[in-house]
Amino acid sequence: MTSLSYFSLLRFPFRSAFGIAIPVLFFLAAPPATAAPDISGNWKTPAGAIINISTCGSAPCGKIVRFTPPKGYTMKNTPDLKNRDASKRGRKILGLKVLWRMKSQPNAWKGRVYDPRRGFSANATIRKKGGSALEVQGCVRVVFNVCEKEVWRKVN
């Protein structure tokens with residue numbers, strides 16, 4: 001069998017070239033993976049908060065720039081009372097980083113998200129949906145992954 005294969009290669013040398021060239025051509029012709037989208041700007045959450053996403057170092061991060069404060073508080077003095085970490089309950093909600101450790105993925109960003117309404121953080125996946133919407137998915141591992149999605153809308 002070896003001599004037959006060798007003979008076939010000698011008789012038709014273009015076969016070996018095609019045997020290598022065809023997979024290489026398919027690889028080169030495949031569409032390139034798209035980079036993570038630009039998600040910078042101000043985004044309104046379903047709860048009405050405004051999150052400003054901008055570059056923090058080499059990756060995007062998001063900070064709360066506006067929200068409806070609870071009764072008895074203003075935006076400037078609302079503390080992070082529901083944080084599960086008691087040492088962080090005194091920090092202010094205004095300016096709080098709620099998206100961080102963002103890493104570029106094909107067509108998305110992955111990182112961490114913090115929800116001050118519930119006081120916990122989760123793994124996040126952010127995908128741009130058209131030019132004016134972000135799909136933000138947060139997942140927390142309990143016994144299995146529990147995930148929740150929100151759509152944030154672009155504001156000027």
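**Salt bridges and a surface patch**

I began with Arg-117 and Glu-150, whose side chains meet in a salt bridge with an N to O distance of 3.1 Å. This pair links distant parts of the chain, with Arg-117 in the loop between strand S5 (108–115) and strand S6 (120–128) and Glu-150 in strand S8, 33 residues apart. I noted that the model is a predicted one.

I then checked accessibility for both partners. Arg-117 counts as partly exposed because its relative accessibility is 42%. Glu-150, at 18%, is buried, since the cut-off for buried is under 20%.

Next I looked up Arg-118, which forms a salt bridge with Glu-148, the closest N and O atoms being 3.1 Å apart. Arg-118 lies in the loop between S5 and S6 and Glu-148 in strand S8, 30 residues apart. Both are partly exposed, Arg-118 at 38% and Glu-148 at 39%. I recorded that Asp-115, Arg-117, Arg-118, Glu-148 and Glu-150 are linked in a network of salt bridges.

I counted six salt bridges in total. One of them joins Asp-80 and Arg-91, with the closest N and O atoms 3.0 Å apart. Both residues lie in the loop between strand S3 (59–66) and strand S4 (97–105), so the pair ties together parts that are eleven residues apart in sequence. Asp-80 is buried at 1% relative accessible area, whereas Arg-91 is partly exposed at 30%.

Val-142, Val-143, Phe-144 and Val-146 make a patch of about 430 Å².

How values were computed. Residues numbered from 1 in each chain as written. Predicted model: local features only at pLDDT ≥ 70, side-chain atom pairs only at ≥ 80, totals over all residues. Heavy atoms only, no water. Patch = residues over 30% accessible without salt bridge, like charges linked within 9 Å, V, L, I, M, F, W, Y side chains within 5 Å. Areas by Shrake-Rupley, 256 points an atom, 1.4 Å probe, with all protein chains shown as cover. Salt bridge = Lys/Arg side-chain N within 4 Å of Asp/Glu carboxyl O. Helix = DSSP H or I, 4+ residues; strand = E, 2+ residues; numbered from the N terminus. Buried < 20%, exposed > 50% of the residue type's maximum accessible area, 1.4 Å probe, protein only.
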